[in-house]
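Student: I would like a close look at a single part of this model, followed by its setting in the chain. Please keep to one connected account.

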Amino acid sequence: MKKVTKGQWNGYDTYILHSRELDVTLLPRLGNSVISLWDHVQQRDVLRRPEESDLDFYLQKPYHFGIPLLIPPGRISKGHFIHDGQEYQFDRNTANDNHIHGLHRTQAWCVSDIEEDEDGCAVTTEFITSSDPNWIRQYPVPLKLEMTLRLQGASLKQTFKITSLGQNAAPFGLGLHTWFLINGEPEKWKLQLPCSGIYQLDDELLPTGGISPLGELEQLNEGLNLRGTNFDTLLQIGDLPVEALLTREDGYGLRYTADPTYFKHWVLYTKGEADQFLCIEPYTWLPNAPNCNLPNETTGLIEIQPGQTIELNVNLDLIHPSAT
């Protein structure tokens, strides 16, 4: 059962990691997203999965399914900033002529390694940004991106390695826009997500640098029922654990954790009042981080020196009532 098999989605190769508990489907050649996570124990999809008929929409907005990568996440004012003497101009793709959700869309990643052992299985993929003229036009410092997806029982680990191949320090941010299904039953689900404040946003949904108290969302620290919630909310983690716990009333659920060294912020998004989905999004950098005039320690902007490699880790663990 601990093996990797190949499949297809709309003619593109997929790699499926298998354990007794889970099947995880990766689509390397069309954005390197996890597009499906099937729970064998509960016989349910954990993530919003794109159907074959969704191809056109997927190509337009791939970050609406599964676990897509946002590099970098969130908005950038007018898509423009200067860092370490290098100018960056991202395409403007919002109503206010700002940029949103980065340069990573449907690029083709290469599978560089497959591992199968007694404990689990893994797939490693890589992408060099200079191979994409559209990317390097907007972000001229070349990067090597690597992702290892390892499945072990009911636990999925994503490890990202990012290497700067350029001559300038690379300003880097990464986020995951993970679509968890709550199946039209928000009243049965509770979210516990330690946080210390809400980032204030201006009329263009860019952070102002101010922090608001949590108010009613203080309950996130103990556990908030999702009935009636409507999230498009940027939250400060502060010194609290980088851990989201989404549980159903019968004890089933998931634990979503990220490396506290780099991940400083959460975004919660329900696409209107909570019904089918809850997006729990770990971010390393604050949207518009390069323009915020705040320390990197606050914004989470990661400065990768020429030749340097950094490593980021995110873990998703399914919780089955029989295993608690």
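Student: Where is the place of lysine 271?

Tutor: Lysine 271 is in the loop between β25 (265-269) and β26; helices (H or I, at least four residues) and strands (E, at least two) are DSSP runs, numbered from the N terminus. This is a predicted model, in which local features need pLDDT of at least 70 and side-chain atom pairs count only at pLDDT 80 or more, while totals for chains, interfaces and linings use all residues. Residues are numbered from 1 along each chain as its sequence is written, and side-chain values use heavy atoms, with hydrogens and water left out.

Lysine 271 is not a glycine, yet has a positive phi of about 55°. Most residues other than glycine have a negative phi, and most peptide bonds are trans. Because its relative accessibility is 39%, lysine 271 counts as partly exposed; buried means under 20% relative accessible area, exposed over 50%, and partly exposed in between (1.4 Å probe, protein chains only).

Asparagine 32 also has a positive phi, near 60°. Asparagine 32 lies in the loop between β3 (22-27) and β4 (33-39), and counts as buried because its relative accessibility is 0%. Another backbone feature is the cis peptide bond from isoleucine 71 to proline 72, with omega near -10°. Proline 72 is in the loop between β6 (69-70) and β7 (75-76).

Back at β26, this strand covers residues 277-283 and holds glutamate 281. The side chain of glutamate 281 does make a polar contact of 3.4 Å with that of histidine 177. Such a contact is a pair of N or O atoms within 3.5 Å; within protein, one must be able to donate a hydrogen and the other to accept it, and residues adjacent in sequence count only if both atoms are side-chain atoms. Leaving aside neighbours within four places in sequence, glutamate 281 is in contact (heavy atoms within 4.5 Å) with residues including Leu70, His177, His265, Val267 and Tyr269.

The largest nonpolar core has 76 residues, of which Phe172, Leu191, Tyr256 and Ile280 touch the most other members. A nonpolar core is a set of buried Ala, Val, Leu, Ile, Met, Phe, Trp, Tyr and Cys residues joined through side-chain atoms within 4.5 Å. Apart from this core lies another, of eight residues, among them Tyr63, Leu70, Val267 and Leu286. Beyond four places in sequence, the contacts of phenylalanine 172 include Ile71, Tyr139, Trp285 and Leu312.

As for the whole chain, there are three helices and 28 strands. The chain is as compact as a globular protein of its length, because its radius of gyration is 19 Å, close to the 20 Å that the globule rule gives for 324 residues; the radius is taken over C-alpha atoms, and the rule is 2.2 Å times the number of residues to the power 0.38. The C-alpha trace spans about 55 × 45 × 35 Å along its principal axes. Of the 324 residues, 55% count as buried.
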